Amino acid sequence: MKKDLTRYRNIGIFAHVDAGKTTTTERILKLTGKIHKIGEVHDGAATTDFMEQEQERGITIQSAATSCFWKDHQFNIIDTPGHVDFTIEVYRSLKVLDGGIGVFCGSGGVEPQSETNWRYANDSKVARIIYVNKLDRTGADFYRVVKQVEDILAAKPLVMVLPIGTEDQFTGVVDLLTREAWIWDESGDPMNYKIKEVPNDMADKVEAYREALIETAVEQDDALLEKYLEGEELTIEEIKSCIRKGTINLSFFPTYCGSSFKNKGVQLVLDAVVDYLPNPTEVPPQPEMDLEGNETGGFAIVDAEKPLRALAFKIMDDRFGALTFTRLYSGTLSKGDTVLNTATGKTERVSRLVEMHANSREEIESAQAGDIVAIVGMKNVQTGHTLCDPKNAATLEPMVFPEPVISIAVKPKKKGGDEKMAMALSKMVQEDPSFHMETDEESGETIIKGMGELHLDIKVDILKRTHGIEVEVGKPQVAYRESVTKRLEDSYTHKKQSGGSGQYGKIDYVIEPGEPGSGFQFESKVTGGNVPREYWPAVQKGFESSIVKGVLAGYPCVDLKVTLTDGGYHPVDSSAIAFEIAARAAYRQTLPKAGPQLLEPIMKVDVFTPDDYMGDVIGDLNRRRGMIKSQETGAMGARIKADVPLSEMFGYIGDLRTMTSGRGQFSMEFSHYSPCPANVAEEVIKEAKERAAALA
């Protein structure tokens, strides 16, 4: 049976940390769940205050995707992270959304975190409606927040409702299109509302706002604009069709208000999701790539008949095992199917499929394009992997996971907590491909690695909150690299005679700098059999196993090319082992003479600041050895892009907030490695020697 995709809405709710995202999600589920099971008698006791359980409930409700129903439409609500830890997470969840609800606090207004989320959503071109929450709060002011959306977010809010009363007198909203007042009583039951006439003292305001709404909306349709300008009254359906069009092409954002906690105003937001947000067929289709990550020109068309294309966008662990949340872009997925994971090149069998409902999960036999489901028990799937039809492979996005650039040592505060910590960390590594963990062989410490300070802070916080493990954290370490600057020809002979068979291997070779980003390259130009072909791999292995430790400070050596030019062997005493040992010794002999240098990771830093603080921010980046790449001023403030060494960026968020009165934001990602200035290199080498001495 083909599903009617026009009745699907894949939406996310994003908000600043304290704008009431959880409460809003909870109320939506409460309302939709109740309407889904018609005939349930509502008892007043059920809507008690949820705040005590919010901590526990917050997690269960926001499993990564929840389905619920409203007016014959299925909503898949996708949890978007509140914390922007500048990694893959936010982009991934935005990628699977078709539309969103931006929640703002009626008194806090547009806060820095909401700016960041809003910018990400703009980059991903996600249609949104705005919901100003907490209007029952002291200091709440709907009109002020609407103005902030215009000024700070440079967005166009299309006001759809006006609040009746403010703060503790807030009783309901006027729907501008229908000119109806929705008034709730104080029982806290969202269903206890009456539809009344617009209050007399609001009549003029309602007409003024209604006119502004219609004038903005009809600009989307020339025929209706003409009809309106000729003085004809438009039907509500005609106006709605214009609003829908403008919302989907991001011309404006329908704006609502209410108090989720007091259960007032949420129904109109749900109606707006149905009326104005796009269904899966109304958003541009995902481009397909080949397995190397090049666009093929094909698209994953939302159609159940087409080959399977699905994106795993979140991995979650719960008491039933690992759940892989997956968005199907095209094709059909059924229980028992075998799918290809384009990232690993391996196939896996889908043993169980579930759809998450408000607080239960339902096993399903199959899902199709447009659906969001969880697959139970996938072994090797990670965030961002594409699952597709093995007979017709394509990937939905290139798998570019940046290498971690910062590491810290962690150890559990409780004695004997090592095993528990290791298990928790390995689950976290599964969930976030930009997070790594390893054990330092020399010191035995557990090292976690990530994309920046904030990223690792949040991981330590997850260890504590989600897994109940308190850890002690070491000083952040930068992932330096080493390389060479000179081309050098050299020779090394390994020979050992001590009773029995000896060992002999002679190699002549060239060591030289490789292209930036080339890693390690090995080539043999031996002619005439002085080093028999079967020993070449041993020479390569000897060098390869040596480059993990550079000669300056023990960091891995990169961008190095070794060419084997000649050598000598002994018919009895030569062996693969002898040549491998020769190559290792050759590395130690030659590298110190080849102009070794230390490389440091350079970060692409993108800073957002209100205009007034731009000079201070640029000055500060220059002091951090930053290279300013570009600066542009926009309606929301200035954006400065710079390349800055990672070692200079520790503690930056605190300094930026101080400089910009708390309004600055930044994101940072790895760009490239570049040679360290001499004074920095000296310090790093000195520290490395001290560490080695301490371990010895």
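1. E167 counts as partly exposed in this predicted model, because its relative accessibility is 29%, which falls between the 20% limit for buried and the 50% limit for exposed. The residue is found in the loop between β7 and β8. Its phi is positive, at about 45°, although E167 is not a glycine.

2. K134 also has a positive phi without being a glycine, here about 60°. This residue lies in the loop between β5 and α5. K134 counts as buried because its relative accessibility is 14%, and the limit for buried is under 20%.

3. β7 and β8 belong to an open sheet of four strands, with the order β7-β8-β9-β10 and antiparallel pairing. β7 (161-164) and β10 (193-196) are the edge strands, each pairing on one side only. From one strand to the next, the twist averages 25°. In general, strands of a sheet pair through backbone hydrogen bonds, in either a parallel or an antiparallel manner.

4. Helix α9 packs on this sheet and touches β7, β8, β9 (180-184) and β10. The direction of α9 makes about 130° with that of β9.

5. α9 (residues 266-276) also packs with helix α8 (residues 236-248), at an angle of about 80° and with the two axes 9 Å apart. That angle makes α8 roughly perpendicular to α9, because angles of 65 to 115 degrees are classed that way. On the α8 side the contact is made by K240, I243, R244, T247 and I248, and on the α9 side by V274, D275 and Y276. By type, the residues of this contact are four nonpolar, one polar and three charged.

6. Helix α5 spans residues 142-151, and its buried residues are F142, V145, V146, Q148 and V149. Seen down the axis of α5, these residues fall within an arc of 160°, so they line one face of the helix. They pack against β4 (99-105), β5 (127-133), β6 (157-159), β7 and β11 (253-257).

7. Is V548 buried or exposed? V548 is exposed, because its relative accessible area is 54% and the limit for exposed is over 50%. The residue is found in the loop between α12 (536-546) and β33 (560-568). Leaving aside neighbours within four places in sequence, V548 is in contact with G554, Y555 and P556. The C-alpha atoms of V548 and R481 are separated by 9.6 Å, and the two residues are 67 apart along the chain.

8. For the protein overall, the secondary structure comes to 16 helices and 37 strands. Of its 696 residues, 51% count as buried. Among contacts between residues at least 6 apart in sequence, 72% join residues at least 24 apart.

Technical notes:
Residues numbered from 1 in each chain as written. Predicted model: local features only at pLDDT ≥ 70, side-chain atom pairs only at ≥ 80, totals over all residues. Heavy atoms only, no water. Axes fitted to C-alpha atoms, helices over the stretch in contact; angles between N-to-C directions. Helix = DSSP H or I, 4+ residues; strand = E, 2+ residues; numbered from the N terminus. Parallel < 35°, antiparallel > 145°, perpendicular 65-115°, else oblique. Contact = heavy atoms within 4.5 Å. Nonpolar A, V, L, I, M, F, W, Y, C, P; charged D, E, K, R; others polar. Buried < 20%, exposed > 50% of the residue type's maximum accessible area, 1.4 Å probe, protein only. Pairing = 2+ DSSP bridges. Arc of directions from axis to C-beta.
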